[in-house]
Amino acid sequence: MIVLVAHYLLFFILKKVEAYDVILSSFPESCNRSSYFDSISHKCKGCGVFQISSDDRLSCECGFGYYPEFNEKSKAIECLRCNQSIQSEMCLKSNLTCEPYDIKVLQITGNITSARCLKCPLWHQPDDTKSSCVPCSNMCHCPSEYEDVNGTCVKDLFTIPETPTIFTYNLHGRPYISNYLRNWVRLTAIKCKAHGGGKYCEHLINLCVLTDYNYDSQSACSLYRQLSGGFSNSIYYDDSQNEYLLNSARINILKDQKMDFMVKQYALDGTYLLIQPLQSVFKSLCCTGTWKPIQRNANIYHSCSVYSKVFNMADMRFYEIYFVDRAINQSRLINVPIKILNLVRGGVQRNREDKDISRWQLTKRFFNFDSATGSNQEGNTDFVRYLSSLTIRISVMSGEKSLALRLPYATINYESIGSLENGNSPVIHFAVKNTVSMDEAMKSLEIALSVLSTFGALYALIRIVVWYIRSDKATIDLQTLIRLLVYGADILANVILIVIFFITFYWFMTFRQQEEVTVSLPARQEEQFIKDLVISAFTLKTISVLWMIGEQCNVDIFLIDWESPRPTKGEIVSVWRMFFVANEWNELQVARKSSISLQVILVLLTLKVFQFERFALEIPATYFMADTFLNYNTVLRLALGLFTYLFFSLAQNILNAALFERYVEHKIQRFTDVCTLSNISVWLRIHSRYGFYIHGRSPHGFADINMQTMCQQLQREEENLCAQRGLVQGQDTQTFSIFFHETLSDKWRKLVKNQSSGTSTVFFKLNEFFTSFLDHAFRELDYEVRDRHFLETVLDIEMWWNMSQNERSIFYNDGRNCFDSVLFYGNEVTLVSFEMLLFSLVDVYCHSYLTAALTVFIVFKALQFVRYRFGRRNLAKKTMIDSRFLF
């Protein structure tokens, strides 16, 4: 057991060090003459046998009295001893005849000095005196066993096939043949392989960086990956370490510590230059003005314009970013992973398109601009790529005893311009984004969901109990359980929507107004959790809305005609009044308190036209960012979209209640007036023992009259010269909610089932039954009218449901027109919440308010069509009116 624990700890420590890529802060000047500075590990390493470091301490060379020679067995360069003599060199060498590619050297054997022929090492040729070897130039003459690669003689053993993909660059999806890559990729790879590291391998790395790290085919990157195992650490991070690197790796920091970042610089040819502060990257391109220190609790944004005259190959620089850790006595540099958005894997820019951290390809090196790849054979530059944005993300984890950081990482994007002389002034952006650990916020979110879900479950139980009573259920059956799940889905969707709205709005307000980072936006994991909540809430609310539409399209409805023929005139009762009321109800079924068309227009005007959408940018400021490279944050977009949609929905409903319904038109009240003028009442049943009644009996007794008589009747009502419209004498209440006695419910059921005798007969019997019942003509089927108690009103429940003690049906006075619950008009909250969730869901995944608004409009119109079509069919069936009379 102890061995296993020790093994695990050792593995964790090694993996942590490897993941951090910890580098001790040594420099070339600190290396002695027998060691050189390795720019990969950032340490001094010893030179080989008979070797000393160069003057710049960046490589090793043969010491005095030794010359380099390639060893066929070890496949490496060795230093061999030179021979010296006090005799005249010219006399010894003049009698010696050598091959054109050989030099003449002196050899001492005992006391005898002689000359001999010696081949030059790789990539060298004899000088003019044929006494020493010099690096090969473009005019190098290669022997038969050598191949000329870009003016360098290379032995066949090290040649690499000239595959077209090696010098082809993918420019916006089109292959571009780069003259620079053609000249240098093969040669650099050959030199890197022979030398086993150093400047040539760094040059190959830079060529890989220029090709966006693409190793899908034969390229600089694929050649580098084949060679990198033996001479250096890889510039690629292992995908399997991404989760640990970005979310688990911990760096302890000091309180109020400045966030210092350094960059290690390389020239294009792989020469290691120096280490400088991070701002040197942007000073190499343009003047950035005053550079603010990077604080732990502050975000920084810089931008500057760069002019094409600085784009020349001599100023190209390649960088690796390091974080300066000062939390221990000796400072150390920690490699900062880089997420390059232009990186290509499998033909896809996976860092840009893939949201899954585990699929990102993190790397270590980037460039400031690239004027080499776009070079053509004529010596011109077809395009130049430049660093358009660099964003460093710092995530702070607060603890009880110390502060710590997650490992920072940088996001980089490159853009291109057509040529050096096109007159454009590209803008370069730099940002440092600080985030704070969201553990406490996410705990609060989970607690809020748990608490409100508990209350929601209790409310769902109350609703199912109410339905159980109104449906006259004797046992808990499958229907009861399904309805409980539907109620629970509706309430849980509302709970999730409320929690998402308030917590995202809180993040939105605090993040936008802060000067120091005290509240951060959720990281990708927390953001995905919120997305999952939106998906869940929308799914649950969709179930609830579809169930609501299904119930409304199956409501039992009957139109009671109070009109009776006048015996003195021998007239018959006209049916057109009933057609008129049925059409009014048919139109009212899909009417709403707010306009979906106006809602969509106002939302789009605010977010897109007036550009309030820019408030969702990842910047803590209360002003617009007119020109910015920042991305839109999902949580900020969610908060802004929900708030905007809710604001205009509330505004419409408030104006509708305060102005439109009061001074222009109250659709529900108008329908009640139409019923009264038509002398027709409406009987509704939504459950076995629960329904609504709209009393439309005319106080004048007749409604099938001419215009003159109608105007006289209305005049009498205005002058209070007739009875009131209410069901109860002396009252004006015309709408009621009903709790049916079981006898009344059974009677209704028997009359409806007996439709085989003919539609007209059934209608006559039902009409006669209801008119007699409402006139208290049945002693065994009587009813009483009462007001609801306070608790009954609050919980929407009937306390007097035990009909064994109460043998009459109960009509509850309804001053709120509750019968609109079987219409869209009375379900405004449900519909608005559904629209908000749909709007949020579409925008979360499309990041387009326009797409979200149009989707909401189309989906609602589809639901409205379904509700109208099936509601119309149900109305025709239940009222026994031919559907051809319903418009």
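**A walk from a surface patch to a buried strand**

Tyr459, Ile462, Phe790, Leu791, Val794, Leu795 and Met799 together make a nonpolar surface patch of about 660 Å². Two elements give two or more residues to the patch: α9 (439-470) and α19 (790-795). The most comes from α19, with four residues. Val794 is found in this helix, α19, and its relative accessible area of 51% makes Val794 exposed, because the cut-off for exposed is over 50%. Do keep in mind as you look around that this is a predicted model.

Now let us turn to the cysteines. How many disulfides does a search of the whole structure find? The search finds three.

Start with Cys31 and Cys44, whose sulfur atoms are 2.0 Å apart in a disulfide. The angle about this S-S bond is -90°, and the link is left-handed. Cys31 sits in the loop between β1 (22-24) and β2 (35-38), while Cys44 belongs to strand β3 (residues 43-46), so the pair ties together parts that are 13 residues apart in sequence.

Next comes the disulfide that joins Cys192 to Cys201, with an S to S distance of 2.0 Å. Here the angle about the S-S bond is 100°, and the link is right-handed. Cys192 is buried, with a relative accessible area of 1%, and Cys201 is buried too, at 3%.

The remaining pair is Cys208 and Cys221, again with sulfur atoms 2.0 Å apart. Their link is right-handed, with 105° about the S-S bond. Cys208 lies in helix α4 (residues 199-210) and Cys221 in helix α5 (residues 220-231), so this pair links parts of the chain 13 residues apart. Both ends are buried: Cys208 has 0% relative accessibility, and Cys221 has 0% as well.

Finally, let us visit strand β31. Why is β31 (residues 690-694) largely enclosed by the rest of the structure? Five of its five residues are buried, so the rest of the structure largely encloses this strand. In a regular strand, side chains alternate between the two faces of the sheet. In β31, Tyr690, Phe692 and Ile694 point one way and Gly691 and Tyr693 the other, and all are buried.

The strand has partners as well. Strand β30 (residues 680-687) pairs with β31 in the antiparallel sense over five bridges, and the two form a hairpin with two residues between them. Val682 has Ile694 of β31 as its bridge partner. Five bridges also join β31 to strand β32 (residues 735-739), again antiparallel, and Gly691 has Ile738 of β32 as its bridge partner.

Definitions and conventions. Residues are numbered from 1 along each chain as its sequence is written. This is a predicted model: local features need pLDDT of at least 70, side-chain atom pairs count only at pLDDT 80 or more; totals for chains, interfaces and linings use all residues. Side-chain values use heavy atoms; hydrogens and water are left out. Buried means under 20% relative accessible area, exposed over 50%, partly exposed in between (1.4 Å probe, protein chains only). Two strands pair if DSSP finds at least two bridges between them. Patches are made of residues with over 30% relative accessible area and no salt bridge: like charges are joined within 9 Å, nonpolar side chains (Val, Leu, Ile, Met, Phe, Trp, Tyr) within 5 Å. Accessible areas come from the Shrake-Rupley method with a 1.4 Å probe; for residues, only the protein chains shown count as cover. A salt bridge is a side-chain nitrogen of Lys or Arg within 4 Å of a carboxyl oxygen of Asp or Glu. A disulfide is a pair of cysteine sulfur atoms within 2.5 Å.
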